[in-house]
Amino acid sequence: MRFHQAAWDEPLIIERSGAGKVAHLPPRPTEREASVLGSDPMKIVPQELRRVNPPVLPELSEVEVVRHYTRLSQEVYSPDLGIYPLGSCTMKYNPKVCDVVVQTHKLEKIHPEQDESTVQGVLSLLFRLDKILCEITGMSRMSLQPAAGAQGEFLGALIMRAYHKSRGESESRTEMLVPDSAHGTNPASAAMAGFRVVVVPSDTKGMVDLTALRAAVVPSTAGLMITNPNTLGIFEEQILDIAEAVHEAGGLLYYDGANLNPILGKVRPGDMGFDIAHLNLHKTFATPHGGGGPGAGPVGVTKRLERFLPVPLVSYDGKRYFLDFQVPETIGKIRGFHGNVAVLVRAYAYIVSLGLKGLEAVGETAVLNTNYVLSRLMRENLFELPFGRMRKHEFVLSATKFREATGVRAIDIAKRLLDNGVHPPTVYFPLVVDEAMMLELPETESLLDLDVFIQAMISVAREGMSSPEMLREAPHSTSVRRIDDVKASHPKTIKLRWDKIPDRRNPVS
């Protein structure tokens with residue numbers, strides 16, 4: 001694929017500012033409004049809410065605003081432009097109809113502090129979404145509050161802590177088991193909730209070592225955090241034995257829902273023995289993902305754990321929907337108001353538009369796409385596949401032989417892929433694979449796009465063997481060339497705010 005990214009010498013929008021430029025004029029006040037406001041529109045703002053020093057906002061014409069953001073959009077990559085095979089992230093294409101659904105004024109104008117009687121429609125939708133997600137996961141009740149999967153993990157760990165406290169075991173249940181192939185947020189979330197993390201190794205098949213797990217389960221075990229399929233894309237075949245071992249010791253089982261996409265309609269976390277499960281709606285259910293948000297990470301629990309869920313829940317008394325604060329042993333609130341509602345509505349639209357059979361097809365197609373790419377790449381004998389076998393939604397290749405033969409590393413392959421017009425996979429994760437490249441091919445990719453990606457991988461790999469310098473200096477065709485990762489992350493180098501205030505007397509043209 002021919003690819004060369006636009007590289008505009010585009011200043012910050014505030015640097016384009018010029019005194020007196022106007023892009024939009026607000027509507028004139030009505031006669032009634034004018035009689036109240038007079039010549040000072042600020043009268044409508046209460047005195048206590050007015051700033052002493054108003055912010056300096058850029059002044060531009062409409063055409064300058066449009067061109068500025070269009071140019072910036074040409075310098076970035078997104079799922080709307082091409083394949084985005086980030087392993088463990090499920091960067092699928094987002095159906096535009098889901099965006100259209102939330103762009104109605106009925107949703108855009110809702111205020112989180114409106115009286116419940118005025119928002120019965122959206123409360124009804126959230127109530128139904130709770131029920132649908134419970135059916136999909138095999139859980140009994142959902143909290144829709146968490147703003148992301150990691151926050152959902154933290155909530156799950158807090159629920160575990162509350163459960164053990166209710167049994168008088170909070171002082172003794174101090175350890176959280178986490179597989180060595182787990183997402184990095186799992187041990188972080190457990191530690192934030194006050195647990196000591198105990199790592200469980202993988203066996204020779206890339207699954208949890210059941211013997212090591214049984215040895216690690218002790219009276220101080222609070223629970224196990226695990227995803228299934230795991231980060232290697234391998235389904236934990238002994239999950240029922242794993243659940244039994246943890247439960248027999250009095251612990252709880254937590255499901256990290258990051259990898260739910262490939263098992264939709266096939267098996268539910270609740271059926272595998274999980275007590276708590278979070279979902280990444282911005283992964284599995286095609287709401288926007290990346291760029292720091294917004295996201296949503298609802299957490300579901302089995303019946304015996306409902307009493308610990310955060311408040312409020314959305315409930316229905318047969319006549320009206322309401323925010324329910326009557327949760328007897330709640331851990332409190334995990335987030336302001338009731339989560340990212342626009343993301344929740346997108347997920348609801350996605351689910352009801354597909355239906356049960358459609359969701360099942362999502363999982364089937366994701367698995368088919370991933371194994372098609374895997375089989376094609378393995379046929380070329382260019383990469384190594386640790387724990388070699390068929391996978392679910394993702395697989396992890398190793399670039400070790402490239403490093404040993406030519407000095408080319410996984411990061412070099414990733415950078416060169418950018419020059420081919422495709423986004424690279426996740427690199428250097430999971431840590432159990434040396435020079436890891438983790439690829440996930442979601443169900444929204446066509447055969448044509450899969451073949452484009454396969455050809456790019458093959459081309460870059462062969463180039464790495466014959467012209468390693470080309471890869472080590474890549475990318476060559478992107479708007480930003482390779483940066484010094486160490487320097488860029490140094491606190492004395494990185495700059496997160498803009499301090500320059502433009503001189504309105506000498507505007508930038």
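This is a predicted model: local features need pLDDT of at least 70, side-chain atom pairs count only at pLDDT 80 or more; totals for chains, interfaces and linings use all residues.
Me: Thanks! How many helices and strands does the protein have?
Reply: You will find 16 helices and twelve strands in the protein.

Me: How do I read the radius of gyration of the protein?
Reply: Set the value beside what the globule rule gives for the chain length. Here the radius of gyration is 26 Å, close to the 23 Å from the rule for 509 residues, so the protein is as compact as a globular protein of that length. Its C-alpha trace spans about 80 × 65 × 45 Å along the principal axes, and buried residues account for 48% of the 509 residues.

Me: Now a helix pair. At what angle do α6 and α7 pack?
Reply: Helix packing is read from the angle and the distance between two axes. Helix α6 (residues 149-166) and helix α7 (residues 185-192) pack at about 45°, with axes 8 Å apart. The two helices are therefore oblique to each other. The crossing of α6 past α7 is right-handed.

Me: Which residues make the contact?
Reply: On α6, look for A150, E153, F154 and A157; on α7, the partners are T185, N186, S189, A190 and M192.

Me: And how many residues of this contact are nonpolar, polar or charged?
Reply: Sorted by class, the contact of α6 with α7 has five nonpolar residues, three polar ones and one charged one.

Methods. Residues are numbered from 1 along each chain as its sequence is written. Side-chain values use heavy atoms; hydrogens and water are left out. Axes are lines fitted to C-alpha atoms, for helices over the stretch in contact, and angles run from 0 to 180 degrees between N-to-C directions. Helices (H or I, at least four residues) and strands (E, at least two) are DSSP runs, numbered from the N terminus. Angles under 35 degrees count as roughly parallel, over 145 as roughly antiparallel, 65 to 115 as roughly perpendicular and the rest as oblique. A crossing is left-handed if the near helix is turned anticlockwise from the far one by less than a right angle, and right-handed if clockwise. Contact means heavy atoms within 4.5 Å. Ala, Val, Leu, Ile, Met, Phe, Trp, Tyr, Cys and Pro count as nonpolar, Asp, Glu, Lys and Arg as charged, and the others, Gly among them, as polar. The radius of gyration is taken over C-alpha atoms; the globule rule is 2.2 Å times the number of residues to the power 0.38. Buried means under 20% relative accessible area, exposed over 50%, partly exposed in between (1.4 Å probe, protein chains only).
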